[in-house]
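Open the structure in your viewer and keep the selection tool at hand. Each stop below says what to select next and what is there.

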Amino acid sequence: LTSVLGVSLSFSIVAVVPYDVWHALAAGKRLPPDGHHGEAQAAQLLQRSWSTIYWTTTVLCYLLFPFLMEFEGSGEFCVKARIRTSFRRYILFYLIYAIVVC
C-alpha cells in the first residue's frame, strides 16, 4: 500500500508539472482573457490537482506512514497487538511533539 501510494503520487507530479509549465507559458504569451471558459477550467483543474497532491502527501507523511512504520517495527506477534502498540507509540510521539512545539 505504501509503495503504491508513493509511486502514484510521484508519477502524478511528473505528469502534472509539464502541463502546468505549458499552461503558464501559454498564458504568459496571450493578451488579456477573451472569455474562453476552457482556460478557466484548465486553471481550475491544475489548482485542484496540485491541491489534491499536496494534501494527500501531507496526510500520508504525517498520519499514515508513521503509523505503518511503528506497526512494522512493533515486536508483537498478533496483528491486533501490533496495531495497539503502534497506535500507543504514535499517540505518545505526537503528544510529546505538541508539548514541545506549543
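**The whole chain**

Helices here are DSSP runs of H or I with at least four residues, strands are runs of E with at least two, and both are numbered from the N terminus. The model is predicted, so local features need pLDDT of at least 70 and side-chain atom pairs count only at pLDDT 80 or more, while totals for chains, interfaces and linings use all residues. Residues are numbered from 1 along each chain as its sequence is written, and side-chain values use heavy atoms, with hydrogens and water left out.

Show the surface. The accessible surface of the chain is about 8,200 Å², and carbon and sulfur atoms account for 71% of that; areas come from the Shrake-Rupley method with a 1.4 Å probe, and for residues only the protein chains shown count as cover. Of the 102 residues, 18% count as buried. Buried means under 20% relative accessible area, exposed means over 50%, and partly exposed is in between (1.4 Å probe, protein chains only). Among contacts (heavy atoms within 4.5 Å) between residues at least 6 apart in sequence, 50% join residues at least 24 apart.

**Stop 1: Ser86**

Select Ser86 in helix 3, which covers residues 79–101. Is Ser86 buried or exposed? Ser86 is buried, because its relative accessibility is 0%. Its side chain reaches the backbone oxygen of Ile83 at 3.0 Å. Leaving aside residues up to four places away in sequence, Ser86 touches Phe67, Glu70 and Phe71.

**Stop 2**

Side chains of opposite charge can pair when their charged atoms come close. A salt bridge is a side-chain nitrogen of Lys or Arg within 4 Å of a carboxyl oxygen of Asp or Glu, and a search of the whole structure finds 1. Arg89 forms a salt bridge with Glu70, with the closest N and O atoms 3.5 Å apart. Since Arg89 is in helix 3 and Glu70 in helix 2, the pair ties together parts that are 19 residues apart in sequence. Arg89 is partly exposed at 38% relative accessibility, and Glu70 is partly exposed at 28%.

**Stop 3: the aromatic rings**

Select Phe67, Tyr90, Phe93, Tyr94 and Tyr97, which ring pairs link into a cluster. Rings of Phe, Tyr and Trp (its six-membered ring) pair if their centres lie within 6.5 Å; planes under 30 degrees apart count as stacked, over 60 as edge-to-face and the rest as tilted. By this rule there are 7 aromatic pairs. Phe93 and Tyr94 have ring centres 5.1 Å apart and planes at 75°, so they are edge-to-face. Tyr94 and Tyr97 are also edge-to-face, because their centres are 6.2 Å apart and their planes are at 85°. Tyr94 and Tyr97 are 3 residues apart in helix 3, which means about one helical turn separates them.

**Stop 4: the nonpolar patch**

Finish with Leu92, Phe93, Ile96, Tyr97, Val100 and Val101, which make a nonpolar surface patch of about 640 Å². Patches are made of residues with over 30% relative accessible area and no salt bridge; like charges are joined within 9 Å, and nonpolar side chains (Val, Leu, Ile, Met, Phe, Trp, Tyr) within 5 Å. Val101 is exposed, with a relative accessible area of 53%, and Tyr97 is partly exposed at 48%.

Key: A polar contact is a pair of N or O atoms within 3.5 Å; within protein, one must be able to donate a hydrogen and the other to accept it, and residues adjacent in sequence count only if both atoms are side-chain atoms.
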